[in-house]
Amino acid sequence: YEKDQKTAIIARLLLAYALINSDYKISIDSLPDYSFGEFRKPKFDKESLSFNYSHCKAASICAISKKNVGADIEGLDIDIETLSLAVKSVATSEEWEALNDENGSKVDLLRLWTAKEAYGKWLGVGLRYDYKNKPFIDVLKKDCNKNLRIIKLEDEKNLYSVHNQGIVFSIYGEGSLNIEEISWDELIKKI
């Protein structure tokens, strides 16, 4: 529980870092207030920017955009049986079949799970949507980059799925994405 609290704080610090050190150029003295929507999606009270953050035991992620964005992250340290049950509950029959036919790995399960979560967070409802009618089968394709998969979707939306150093994360949104990895020490120095 304590580690979970720490990664939640880090996710909030990442938001401050992104606002201060990006094109948005918001100073540390004028960080905008934010609140949470009905299903706990964070939103700025007065800014026209969108952001979303997530955390797991191993890492935190923060996505910020001028357009709506959703993000989710999970660590490979998750129990495989629990993960399989969770993914089966949100997977379409085609997705579940692909996971089983191609000897789906824990990374594949997490790619699908975080894609579904990122989309739900983009909607602002978490997993309270008809996830069986929103397939992300392309995230499971084996013929693309092993670590980074960018899936172009309808209406100029993109799903970014990344596997790196024991974590998998997905970001759902519009337009291109700039991904930056930052260590705890660097984060503290730059805020």
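This is a predicted model: local features need pLDDT of at least 70, side-chain atom pairs count only at pLDDT 80 or more; totals for chains, interfaces and linings use all residues.
Which residue of strand 8 is the bridge partner of Tyr160?

View 1. The strands are arranged in the order 5-8-7-6, and their pairing is antiparallel. Strand 5 (69-75) and strand 6 (148-152) form the edges, each pairing on one side only. On average, neighbouring strands of this sheet are turned by 10° against each other, direction ignored.

**View 2. Strand 6 beside strand 7.** Strand 7 covers residues 157-164 and pairs with strand 6 in the antiparallel sense, over 5 bridges. Ile150 has Tyr160 of strand 7 as its bridge partner, and Ile151 stands opposite Leu159 in strand 7. In a regular strand, side chains alternate between the two faces of the sheet. The hairpin of strand 6 and strand 7 has 4 residues between the strands. In this hairpin, Asp155 takes a positive phi near 55°.

**View 3. Strand 7 beside strand 8.** These two strands run antiparallel and are joined by 8 bridges. The bridge partner of Tyr160 in strand 8 is Ile171. Tyr160 is also the bridge partner of Ile150. The hairpin of strand 7 and strand 8 has 2 residues between the strands, and Gln165 takes a positive phi near 45° there. Of the 8 residues of strand 7, 7 are buried, so this strand is largely enclosed by the rest of the structure. Buried here means under 20% relative accessible area.

**View 4. Helix 4 packed on the sheet.** Helix 4 (residues 106-123) touches strand 5, strand 6, strand 7 and strand 8 (167-174). The direction of helix 4 makes about 150° with that of strand 5. Helix 4 is largely enclosed by the rest of the structure, because 16 of its 18 residues are buried.

**View 5. Helix 4 from end to end.** The 18 residues of helix 4 reach 26 Å from the first C-alpha to the last. That span is close to the 26 Å expected at 1.5 Å a residue. Just after helix 4 comes Gly124, which takes a positive phi of about 90°.

Note on methods. Residues are numbered from 1 along each chain as its sequence is written. Side-chain values use heavy atoms; hydrogens and water are left out. Two strands pair if DSSP finds at least two bridges between them. Axes are lines fitted to C-alpha atoms, for helices over the stretch in contact, and angles run from 0 to 180 degrees between N-to-C directions. Contact means heavy atoms within 4.5 Å. Buried means under 20% relative accessible area, exposed over 50%, partly exposed in between (1.4 Å probe, protein chains only). The expected span of a helix is 1.5 Å times one less than its number of residues.
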